[in-house]
Amino acid sequence: ASREVFPGTTSVELAPGVVLGDGSLTVMAGPCAVESREQMLRTARGVKASGARALRGGAFKPRSNPYAFQGLGSEGIALLMEARRATGLPVVTEVMAPEDVEWLAPHVDVLQVGTRNMQNYSLLKALGSVDRPVLLKRGMAATVDEWLQAAEYILAGGNQRVVLCERGIRSFDRSTRNTLDLSVVPLVKSLSHLPVVVDPSHATGRRELVAPMSLAAVAAGADGLILEVHARPEEALCDGPQSLDLDQFDALMKALSRLHGAL
Ligand code: PEP
Ligand code: MN
């Protein structure tokens with residue numbers, strides 16, 4: 001992952017024409033969890049119309065509470081594939097278990113490793129030998145060095161398409177869900193050739209903070225953003241309070257394009 005071994009910048013192609021790390025700004029958006037056909041298609045069409053380049057949605061949800069909605073599993077993957085056919089957007093989804101990597105990979109475009117699994121080394125090794133880009137979220141208590149070493153596990157296995165994602169870390173302050181560590185964007189870019197994206201939704205946990213932190217992330221040099229968007233956030237089964245509705249997402253996309261154009 002280090003610049004010492006690879007001094008340039010790696011660009012990672014998520015799908016034909018959707019590239020992270022080439023100077024463009026790639027926004028991935030969608031609900032926290034795949035909940036239903038109607039929810040997925042409405043949200044996917046909405047984010048596409050506003051300029052998202054990829055669709056996110058979790059089918060396997062790593063919930064802290066074992067009694068909370070755990071995701072639709074393989075049924076959710078089928079709905080994601082349907083949303084991809086309807087919109088042409090590549091899909092990003094979390095994989096939680098090493099044994100799911102092989103069957104899941106051919107069906108989706110990008111495999112996400114969640115914050116709780118950043119140090120699941122069996123999972124990272126399984127992802128090292130798959131032909132799919134990996135979005136590697138920073139562990140909520142991981143140092144930069146631990147994060148880059150986790151990336152190294154995937155690269156060492158032969159998979160060169162790794163994207164780093166800052167999603168907030170634990171601090172003493174509970175007034176936001178996590179603490180967005182924006183300084184890691186320029187820091188990691190100085191240490192590593194890998195593209196870096198920011199997830200202001202999980203970092204803040206509060207919808208009203210998502211737009212300002214998205215703009216700040218782009219100003220700090222992020223190659224992309226991953227945002228939670230829901231057609232009806234008040235009905236979301238997971239992470240509603242941090243999800244933008246489609247109008248808020250559209251307004252943010254306009255502000256992002258003005259800022260990115262001005263930089
Ligand atoms: C998610 O992207 O929905 C998610 C569970 O994120 P994290 O692993 O960052 O908590
Ligand atoms: Mn979520």
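In this predicted model, eight strands close into a barrel in the order S3-S4-S5-S6-S7-S8-S9-S10 with parallel pairing, where strands are DSSP runs of E of at least two residues and helices runs of H or I of at least four, numbered from the N terminus, and two strands pair if DSSP finds at least two bridges between them. From one strand to the next the twist averages 25°. Strand S3 (residues 26-30) and strand S10 (residues 224-228) run parallel and are joined by five bridges, one of which links Thr26 to Gly224 of S10. Helix H6 (residues 184-191) packs on the sheet, where it touches strand S8 (162-166) and strand S9 (196-198), its direction making about 165° with that of S9; contact requires C-beta atoms, placed from the backbone, within 7 Å, and angles run from 0 to 180 degrees between N-to-C directions of axes fitted to C-alpha atoms, for helices over the stretch in contact.

In total, the protein has nine helices and ten strands, and buried residues, those with 20 or more other C-beta atoms (placed from the backbone) within 10 Å of their own, make up 50% of its 263 residues.

Ligand 1 is surrounded by Cys32, Gly58, Pro62, Gly114, Thr115, Arg116, Lys137, Arg167 and His202, each with its backbone-placed C-beta atom within 6 Å of the molecule.

Residues are numbered from 1 along each chain as its sequence is written, while chains are lettered from A and ligands numbered from 1 in the order in which they are written. Local features need pLDDT of at least 70 and side-chain atom pairs count only at pLDDT 80 or more, whereas totals for chains, interfaces and linings use all residues.

Notes
Buried ≥ 20, exposed ≤ 12 C-beta atoms within 10 Å, placed from the backbone. Contact = placed C-beta atoms within 7 Å.
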